[in-house]
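Please look through the structure shown here, and keep the sequence beside it while reading the briefing that follows.

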Amino acid sequence: MGLNYTTCFVAIADRDGHTLKQFYQALLEQSPVVDIPNVYTEFRLAGLRLGLFKPSTAHQVEFESPSSGSVSLCFEVENIESAVIHLTTLGYPPPGQIQQASHGREIYAYDPQGNRLILHEATPVLG
């Protein structure tokens, strides 16, 4: 029988009802498709992938506190440097440096309420 779902989406709590709406509207450079003030806002993105991951040793502490979640919103970007500049312009510069991961280059950033964002630039597949 299974779950029999029709779609899957990510929902992030916006504690004051507008800070994250404004942030993601600026980050994504688009207006929400659903906007019920102080209740619910929804953006439609070009595809959604749900990734399950084990945090690296350096970042495990982020997931130990019950107040922090175990979900990261990962944006695969064409040019990671441009994405970092965009976030920095919005006032949310990533605190670390771009790192080489097994699957490409990535950097962690945070939205106004501390939810972790991963900007990821995939390594081109050769062959």
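In this predicted model, residue E29, which comes just after helix α1, takes a positive phi of about 55 degrees. The points below begin with that helix and then turn to a pair of strands and to the salt bridges.

**Helix α1**
- Within helix α1, which covers residues 19–28, the buried residues are T19, L20, F23, Y24 and L27.
- Seen down the axis of α1, these buried residues fall within an arc of 110 degrees, so they line one face of the helix.
- In an α-helix there are 3.6 residues a turn, so residues three or four places apart point the same way.
- The buried residues of α1 pack against β3 (73–76), α2 (80–89) and β6 (116–122).

**Strands β3 and β6**
- Strands β3 and β6 pair in the parallel sense over four bridges, and the bridge partner of F75 in β6 is L119.

**Salt bridges**
- The structure holds four salt bridges, and one of them joins the side chains of K21 and D35 at 2.6 Å, N to O.
- That pair links distant parts of the chain, since K21 lies in helix α1 and D35 in strand β1, 14 residues apart.
- R105 forms a salt bridge with E121, with the closest N and O atoms 3.3 Å apart, and this pair connects strand β5 with strand β6.
- E121 is buried, with a relative accessible area of 16%, and salt bridges that share partners join E81, R105 and E121 into one network.

Notes
Residues numbered from 1 in each chain as written. Predicted model: local features only at pLDDT ≥ 70, side-chain atom pairs only at ≥ 80, totals over all residues. Heavy atoms only, no water. Buried < 20%, exposed > 50% of the residue type's maximum accessible area, 1.4 Å probe, protein only. Helix = DSSP H or I, 4+ residues; strand = E, 2+ residues; numbered from the N terminus. Arc of directions from axis to C-beta. Contact = heavy atoms within 4.5 Å. Pairing = 2+ DSSP bridges.
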